[in-house]
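Student: Could we go through this structure together? I would like to begin with its pockets.

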Amino acid sequence: MSRSDTPRLVGRLAALPDYVPGKGASQGCEDLKLSSNENPYPPLPSVVSAVQRQAGRVNRYPDPGCAALVGALAERLDVPAEHLVVGTGSVSVARLLVRATAGPGDEVLYAWRSFEAYPIMAEICGATSVRVPLRADDTHDLEAMADAVTERTRLIFVCNPNNPTGTVVRRAELERFLDRVPNDVLVVLDEAYIEFVRDAEVPDGVELYRERGNVCVLRTFSKAYGLAGLRIGYVVAHEPVAVVLRKAGLPFGVSQLAQDAAVASLRAEDELLERVELLVKERSRLTAGLRDLGFAPPDSEANFVWLALGDRTAEFTGACAAAGAAVRPYGADGVRITVGLPEANDAVLRVARGWRH
Ligand code: PMP
């Protein structure tokens with residue numbers, strides 16, 4: 001019997017494309033890293049202290065149920081603790097949601113462009129991705145998405161605001177869409193950037209989850225709360241979804257450092273949301289500045305701005321890099337620029353000023 005001398009791998013995993021993380025900024029200047037939608041502000045002293053207190057105890061396993069955080073979130077969101085599942089970043093919870101609902105022969109539906117991790121999650125689980133193009137104004141085409149639902153659809157992602165365009169879906173159209181989706185299809189409202197939303201017509205997904213058993217809401221501490229490096233996010237989901245996630249999740253995945261930092265961040269929420277407000281102001285300034293220079297970014301409700309530069313995407317990315325700033329290119333579609341501190345946004349505006357349209 002002839003045997004291969006390398007372990008046999010699941011073909012579709014071996015064929016996965018590499019995940020391309022946002023590039024670091026050149027010249028060692030972290031403030032100019034505008035490629036990963038991170039929060040530019042360092043953690044608050046109270047959050048650092050919580051992590052330091054826990055650092056001397058890392059010989060112990062963390063609380064697998066994340067009880068303190070779940071308790072705090074349940075109270076804040078007014079949801080049953082049993083409906084909360086915490087994971088190592090909302091991306092891991094999202095993957096678990098796909099794992100819990102879809103396998104070979106099943107379909108996972110989402111808009112495109114949207115969050116780069118969705119196709120990878122579907123692929124890992126052996127499910128088929130169904131991508132519905134964004135409308136010309138870079139917003140979700142919810143009508144077309146509802147039309148694309150089939151017998152095989154198991155999960156739908158609605159990324160609100162959408163990464164990388166920053167565009168939103170509003171309450172009325174989202175409710176119309178949800179009315180059309182069969183009750184046995186899970187709809188995941190990915191609200192990683194919800195704290196940056198200022199459009200009053202954008203719904204709080206938790207309100208929609210309350211009324212509908214097939215709707216769940218993904219949130220993260222990575223963006224507004226500035227804990228990207230600690231990996232912690234969660235979902236609000238009805239039973240039996242939450243029950244399955246708890247059983248299928250990685251045991252002890254979320255470190256106690258992350259749990260304590262998240263609890264401390266909730267306590268310091270007012271202070272953190274003041275920083276979010278500064279970033280929202282910078283978003284307006286960056287957007288207006290780019291428009292004055294002849295660019296056409298869509299209105300963004302997130303902590304980044306999208307420029308559909310087509311085949312000049314790489315050129316713009318290169319010009320930013322030459323100025324020391326890292327932004328995120330998406331093939332020949334466009335560039336996503338994370339809103340940073342004022343100086344970093346100024347650096348991007350300087351590059352934009354020298355741009356020939
Ligand atoms: N959802 C969206 C739309 C995102 O853009 C991101 C981060 N890029 C995530 C989820 C995941 O964030 P995290 O895993 O850090 O919670």
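Student: By class, which residues does the lining of the second largest pocket have?
Tutor: That lining has twelve nonpolar, six polar and four charged residues. Here Ala, Val, Leu, Ile, Met, Phe, Trp, Tyr, Cys and Pro count as nonpolar, Asp, Glu, Lys and Arg as charged, and the others, Gly among them, as polar. Please note that this is a predicted model, in which local features need pLDDT of at least 70, side-chain atom pairs count only at pLDDT 80 or more, and totals for chains, interfaces and linings use all residues. Residues are numbered from 1 along each chain as its sequence is written, and side-chain values use heavy atoms, with hydrogens and water left out.

Student: Which residues lie nearest the centre of that pocket?
Tutor: They are E30, E38, N39, P40 and Y41, from a lining of 22 residues. A pocket is an open set of points on a 1 Å grid over the protein atoms alone, where a 1.4 Å probe fits, with protein on both sides within 12 Å along at least five of seven lines; lining residues have an atom within 4 Å of a point.

Student: Now the ligand: how many residues surround it?
Tutor: There are 13, and the closest are S90, N163, Y193, T220 and S222.

Student: How many disulfides does a search of the whole structure find?
Tutor: The search finds zero disulfides, a disulfide being a pair of cysteine sulfur atoms within 2.5 Å. For C216, the nearest cysteine sulfur, that of C159, is 13 Å away.

Student: Is C216 buried or exposed?
Tutor: C216 is buried, with a relative accessible area of 1%; buried means under 20%, exposed over 50%, and partly exposed in between (1.4 Å probe, protein chains only). C320 also counts as buried, at 0% relative accessibility.

Notes
Near = heavy atom within 4 Å.
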